[in-house]
Amino acid sequence: MLSNYSSVADTPEIQRIKTTQQNISAVFYKKEVGAGTAVKDTPETERVKKNQQNISSLQYKEQCHRATPVSVTPEMERVRRNQEQLSMVYYKGQLGRGTALSVTPEMERVKKNQENISSVKYTQDHKQMKGRPSLILDTPGLRYVKEAQNHISMVGHNQQLLLTKTY
């Protein structure tokens, strides 16, 4: 291989020889490495490949979206309105037509019956709950809490009495 510090000028022939020598060196290097073993794609490499594909497709899509703005012409405005109207007609066509129901005596009767049933059930439930005593368990813990609350209440009450007597 030729040295970089040679006194000979780089002629086209010398440059061709240098590149050929570099190519031969690369071939020998690859022969020394030898054939590699096939490695199955690991989850990590698959994840990296998917990320690269996503990034590539994203960059491709970003390049496609750069368009030149076009001013709105009367023709374009007319087409846009027509599309909106067609869309609304199609949407309303899918819904179908509803039928208006008039209030019949039968419907009035059913409505009143439902109101009566509701109020009767409410009053029955209220009467049942009215007669029931509430069950409060009398445990030593609850007795202690009640006594503590009474003491606190009495202290607050006595302080108020003392304040009103001093004025």
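Buried means under 20% relative accessible area, exposed means over 50%, and partly exposed is anything in between, using a 1.4 Å probe and protein chains only. This is a predicted model, where local features need pLDDT of at least 70 and side-chain atom pairs count only at pLDDT 80 or more, while totals for chains, interfaces and linings use all residues. Residues are numbered from 1 along each chain as its sequence is written, and side-chain values use heavy atoms, with hydrogens and water left out.

**View 1. Glu-13 meets Arg-16 in a salt bridge.** A salt bridge here is a side-chain nitrogen of Lys or Arg within 4 Å of a carboxyl oxygen of Asp or Glu. For this pair, the N to O distance is 2.4 Å. Both residues sit in helix α1 (residues 12-33), three residues apart, or about one turn of the helix. Helices are DSSP runs (H or I, at least four residues), numbered from the N terminus. Arg-16 has 46% relative accessibility, so it counts as partly exposed. Glu-13 is partly exposed too, because its relative accessible area is 42%.

**View 2. Over in helix α2, Glu-44 pairs up with Arg-47.** The closest N and O atoms of this salt bridge are 2.4 Å apart. Glu-44 and Arg-47 are three residues apart, about one turn of the helix. How accessible is Glu-44? Its relative accessible area is 46%, so Glu-44 is partly exposed. Arg-47, at 43%, also counts as partly exposed.

View 3. Arg-78 is partly exposed at 38% relative accessible area, and Glu-75 is partly exposed at 45%.

**View 4. Val-70, Val-72 and Met-76 make a nonpolar surface patch.** The patch covers about 310 Å². Patches are made of residues with over 30% relative accessible area and no salt bridge; like charges are joined within 9 Å, and nonpolar side chains (Val, Leu, Ile, Met, Phe, Trp, Tyr) within 5 Å. Accessible areas come from the Shrake-Rupley method with a 1.4 Å probe, and for residues only the protein chains shown count as cover. Where is Val-70? Val-70 lies in the loop between α2 (43-64) and α3 (74-95). Val-70 counts as exposed because its relative accessibility is 60%.

Conventions: Helices (H or I, at least four residues) and strands (E, at least two) are DSSP runs, numbered from the N terminus.
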